[in-house]
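Okay, thanks for coming, everyone.

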Amino acid sequence: MGAPFSSGVAAERSVLSSGMYKLEIELKRGNNLAVRDRGGTSDPYVKFKLAGKEVFRSKTIHKNLNPVWEEKTTLVLDCLSEPLYVKVFDYDFGLQDDFMGSAHLYLESLEQQRMIPVTLVLKDPHHPDQDLGSLELAVTLTPKDSPLEERRDSTQQSLRLSELHRKSQLWRGIVSIALIEGRNLIPMDPNGLSDPYVKFRLGPQKYRSKTVPKTLSPQWKEQFDLHLYEETGGVLEIAVWDKDTGRRDDFIGRCQLDLSTLTKEQTHHLELQLEESRGYVVLLVTLTASAHVSIADLSVTPLDDPQERREILKRYGVWRSFSNLKDVGIVQVKVMRAEGLMAADVTGKSDPFCVLELNNDRLQTHTVYKNLNPEWNKAFTFNLKDIHSVLEVTVFDEDRDWSADFLGKVVIPLLYVRNGEQKSYVLKNKELTGPTKGHIYLEFDVIYNTVKAALRSVVAAEQKYIEEEPKVSKQLLQQNFNRVKRCIMVLFSYGTYINSCFEWESAQRSIVSFVLFVLVVWNFELYMLPLGLLLLLVWNYFFCSSRETADMTMEAMFEWEEDEDDKEDKESEHKGFMDKLYAIQDVFISVQTALDEVASYGERIKNTVNWTVPFLSCLAITALCSATLLLYLIPLRYLVLAWGVNKFTKKLRDPYMIDNNELLDFLSRVPSDVQVMQYRELKIDPGQSPNKRRRTNPS
């Protein structure tokens with residue numbers, strides 16, 4: 001289906017070669033678009049497709065039939081035979097978007113090397129006589145080797161960020177949201193209740209709450225942060241769903257919150273009524289400015305300026321330990337270059353760019369085209385909210401179909417880095433279990449307040465919003481089972497050792513144990529419990545050798561895993577069987593997750609005692625020393641009384657406080673054995689064959 005053009009389009013069609021072209025498109029506005037919402041309006045956005053691949057998606061203009069986008073994009077083409085397919089949709093949060101019309105832009109008909117205004121008349125292939133309005137564009141088609149193109153800045157294309165990573169742009173502020181509760185929701189299940197959860201969306205960002213089963217007045221008590229990219233704040237979209245196992249979830253209701261109406265630096269208590277149904281959602285919303293987020297060239301990095309560095313050191317000095325406890329510090333990452341990357345294109349080259357993720361903060365470099373040894377030379381600055389955060393650095397290859405290919409990844413705990421040291425990191429595969437081709441050069445500078453970092457270690461850690469849904473995996477289930485088994489075997493070995501003292505297998509050991517038992521029981525005081533744990537930590541610091549064998553243990557754990565190719569073949573053979581098990585899939589995932597949690601907590605306790613993370617072990621020693629002194633100096637009844645008064649009055653002092661368990665929050669910062677394996681730096685093995693390296697890279 002064609003679309004009439006304006007008079008500026010040349011009618012002739014030239015014979016085209018297979019050379020490279022640059023197509024610059026400016027999406028200006030829409031006119032008299034179709035009505036798709038019950039309010040007599042639509043929420044339109046536009047998609048551009050080329051050769052069946054999506055290459056551009058515009059922002060959504062809410063409640064407007066004559067939207068003005070004024071957005072620009074640049075496409076690199078190797079031929080002009082494929083038309084550009086333009087489609088318009090009405091955005092419906094939580095539901096399927098409605099089609100509003102489409103048109104084709106035939107690139108062969110465009111006059112080259114000048115801007116051409118284009119009007120596309122939108123049509124529905126199933127209802128060609130229906131009037132769906134039109135789009136106004138301005139397009140410029142330029143051969144890559146033309147004199148006009150050569151005069152333009154050649155770095156413009158390298159600085160183009162892919163739409164797949166739109167969240168890599170700099171954010172202007174933070175919106176902190178506490179989801180408290182729901183009230184008077186409608187029942188969706190036969191038992192007259194629902195299993196509600198909430199989905200949030202702010203621009204490209206999404207967050208999903210936990211599910212509260214069998215209630216119409218759920219208590220979520222969750223807190224999370226989203227980034228503000230727009231000066232006005234944007235529109236926060238909220239949808240409430242009912243979780244159904246084995247079938248599609250039921251839609252309960254939705255509402256919107258215009259953040260531009262809220263005062264910044266102030267907490268707002270909001271009760272939002274759901275549209276299209278009854279019920280309310282209760283939120284606490286706070287808008288704050290973002291202090292340190294930047295992308296800069298190496299010549300103008302913030303921490304390299306002596307005056308600015310002194311100010312930052314003063315801001316996070318010991319005298320400001322109790323001001324703004326969430327602002328723990330600042331992280332500056334210099335991404336220098338990469339060497340020996342994998343060739344992802346048929347030309348034997350790649351178009352690499354680098355994405356940096358610190359919890360839910362996401363920034364990225366520009367793309368360096370047709371290069372296996374790219375140099376980015378950029379400095380990225382992040383706000384630091386938790387010193388136990390892990391920086392994920394992922395290298396992708398940018399393709400013309402905008403589907404980025406994975407080239408390699410490395411994860412670096414911030415507590416492991418040395419300030420000012422440029423270091424080469426071997427890239428790993430997606431599972432972080434083995435090396436892939438290439439390495440990347442990074443330099444870190446982490447400035448933080450130690451007191452704030454310690455206090456943040458006993459509050460709930462920030463959860464990543466974008467995580468893969470857990471899937472049934474025989475390998476992962478077996479791995480988690482083996483990890484739980486190892487924890488149980490450790491306890492069993494301790495029990496066997498104690499029993500050997502009772503059985504007098506070694507007379508010397510039994511005599512010493514009996515004397516210690518009598519002395520401890522006869523002189524036992526409650527403060528000796530934390531004192532004993534304290535002595536265990538100190539003993540392991542000086543004498544424990546298990547840290548040296550941790551890597552060998554973890555490598556042995558992964559040896560049973562099958563090659564990726566064999567695993568894929570077996571999964572395809574059993575695909576039909578897995579489809580039959582869909583109804584009980586959630587049960588398998590629950591067991592798999594429960595085994596992982598049990599094993600992780602056992603390993604984290606062990607790693608705390610083994611000084612895997614010295615900062616946390618020192619923090620544990622400080623806490624145990626404090627507990628020992630308190631129990632020695634203060635009668636137990638007073639401590640229990642103080643604990644009980646605090647628990648009983650907490651709800652009265654702050655009705656919307658989100659409770660947490662300090663011990664579990666502390667342990668969540670200690671890495672499990674699997675995480676220790678993932679965080680471990682790899683050494684380049686010159687004897688590794690290319691074939692073996694390929695097998696270890698499941699990407």
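Before the strands, one bit of bookkeeping: two strands count as paired if DSSP finds at least two bridges between them. Strands are DSSP E runs of at least two residues and helices are H or I runs of at least four, numbered from the N terminus. What you see is a predicted model, where local features need pLDDT of at least 70, side-chain atom pairs count only at pLDDT 80 or more, and totals for chains, interfaces and linings use all residues. Residues are numbered from 1 along each chain as its sequence is written, and side-chain values use heavy atoms, with hydrogens and water left out.

So, β22 (residues 390-397) pairs with β23 in the antiparallel sense, over 8 bridges. Val393 sits opposite Val410 in β23. Is β23 enclosed or open? Largely enclosed by the rest of the structure, because 8 of its 9 residues, 405-413, are buried; buried means under 20% relative accessible area, exposed over 50%, partly exposed in between, with a 1.4 Å probe and protein chains only.

Next, an open sheet of 4 strands, in the order β11-β10-β13-β14, with antiparallel pairing. Its edges are β11 (205-208) and β14 (250-258), each pairing on one side only. Strand β13 (residues 235-242) runs antiparallel to β14, joined by 8 bridges, and Ala239 stands opposite Arg254 in β14.

Last stop, helix α5, residues 507-522, which is where you'll find Val521. Val521 counts as exposed because its relative accessibility is 53%.
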